[in-house]
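This briefing concerns a single protein chain and is intended for a reader who has the coordinates at hand.

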Amino acid sequence: MKYCRFQLNGQAHYGLVEAVAGRDEITRLLLHTPEEAGGDMEDFRTRRMDHVPFAEATLLAPVHPTKIVCVGRNYREHAAELGNQVPTEPLLFFKPPSSLLGTGGSIRRPQIAERVDHEGELGVVIAKRCYRLGSDEDVRPYILGYTAVNDVSARDLQNKDGQWTRAKGFDTFCPVGPVVTDGLNPWTGVEVETRLNGTVRQQGNTRDFIFPLDVLIRYISQVMTLEAGDLIPTGTPKGVGTMVAGDVVEVTVEGVGTLRNQIVEG
């Protein structure tokens, strides 16, 4: 099952996305936010609507998290390309919800940054509150679905500051979308690809995670309570690179679709 968030008659709505006669359409409106669904997409209450072709919809970020808990250096080759050691335990940092951006929106490149990089990732959306999960507890009931994320990073500011809040936290620095789906299995492998102006820059697969999802979610839950709707970008493959005004960046996650944004001067 897939859902998106989109504009309809000037208002934001969540809608189910289904294939109809060979093309994706938004077919039904959600009566409640996904965070209120009780932890399972099958519990979504919906109502009929006039179908909207997905390709013609004005899409918004399909998540509304209380927090965005990111994972750094979760692919060995990415850690190596930036001259960093492979972490021995998950490396966590935050992006603020104010950094969220939907597909089609413009990433604003701040003038104070000399280098702004793309980082395509699989994002995990939390289904229900979880805290201090047991070492053998199944994490799957706590996952509502998956999406694509671009962890946009001001690399020079990241290196200058030593901690990552400013470099990762600018408005528009967390594009997410185009949908959330429960139809993936990152443990067996999901392809993640980033293209810049049509040229492939990053290719990875979640089976190459240093820390798989069960380890990540249990680890984070020992530190903080994860609430329904919270977003976990799970790390980026090698090939991160700079973006300038006029560039178009696309992050494709297998089974999710393509998150597409243009870079503008901020």
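What is the accessible surface of the protein chain, and what percentage of it belongs to carbon and sulfur atoms? In this predicted model, the accessible surface comes to about 11,800 Å², and carbon and sulfur atoms hold 44% of that area.

**Overall form**

- The protein chain contains four helices and 20 strands.
- The C-alpha trace spans about 50 × 45 × 30 Å along its principal axes.
- The radius of gyration of the protein chain is 18 Å, which agrees with the value near 18 Å for a compact globule of 266 residues.
- Of the 266 residues in the protein chain, 53% are buried.
- Among contacts with a separation of 6 or more, 72% are between residues 24 or more positions apart.

**Charge**

- The protein chain carries 28 positive and 35 negative side chains.
- The centres of these two sets lie 2 Å apart.

**Nonpolar cores**

- In soluble globular proteins, nonpolar side chains tend to be buried together.
- The largest nonpolar core here has 41 residues, and those with the most contacts inside it are Cys4, Ile26, Leu226, Ile232 and Val253.
- Elements giving two or more residues to this core include strand S1 (2-8), strand S3 (23-30), strand S11 (120-126), helix H4 (213-223) and strand S19 (248-253).
- Helix H4 provides the largest share of this core, four residues.
- Another core, of 21 residues, lies apart from the largest one, and Tyr14, Ile68, Leu144 and Val149 are among its members.
- Leaving aside neighbours within four places in sequence, Leu226 is in contact with Lys67, Val69, Ile126, Lys128, Arg129, Cys130, Ile217, Ile220 and Ile232.

**Backbone geometry**

- Gly177 and Pro178 are joined by a cis peptide bond, with omega about 0°.
- Pro178 is placed in strand S14 (residues 174-181).
- Asn9, although not a glycine, has a positive phi of about 55°.
- Asn9 is located in the loop between S1 and strand S2 (11-20).
- Asn9 counts as exposed because its relative accessibility is 77%, and the exposed class begins over 50%.
- Arg132, a residue other than glycine, also has a positive phi, near 55°.
- Arg132 is found in the loop between S11 and S12.
- Arg132 has 55% relative accessibility and therefore counts as exposed.

Conventions
Residues numbered from 1 in each chain as written. Predicted model: local features only at pLDDT ≥ 70, side-chain atom pairs only at ≥ 80, totals over all residues. Heavy atoms only, no water. Core = buried A, V, L, I, M, F, W, Y, C linked by side-chain atoms within 4.5 Å. Buried < 20%, exposed > 50% of the residue type's maximum accessible area, 1.4 Å probe, protein only. Contact = heavy atoms within 4.5 Å. Rg over C-alpha atoms; globule rule 2.2 N^0.38 Å. Areas by Shrake-Rupley, 256 points an atom, 1.4 Å probe, with all protein chains shown as cover. Lys, Arg positive; Asp, Glu negative; His and termini not counted. Charge placed at Lys NZ, Arg CZ, Asp CG, Glu CD.
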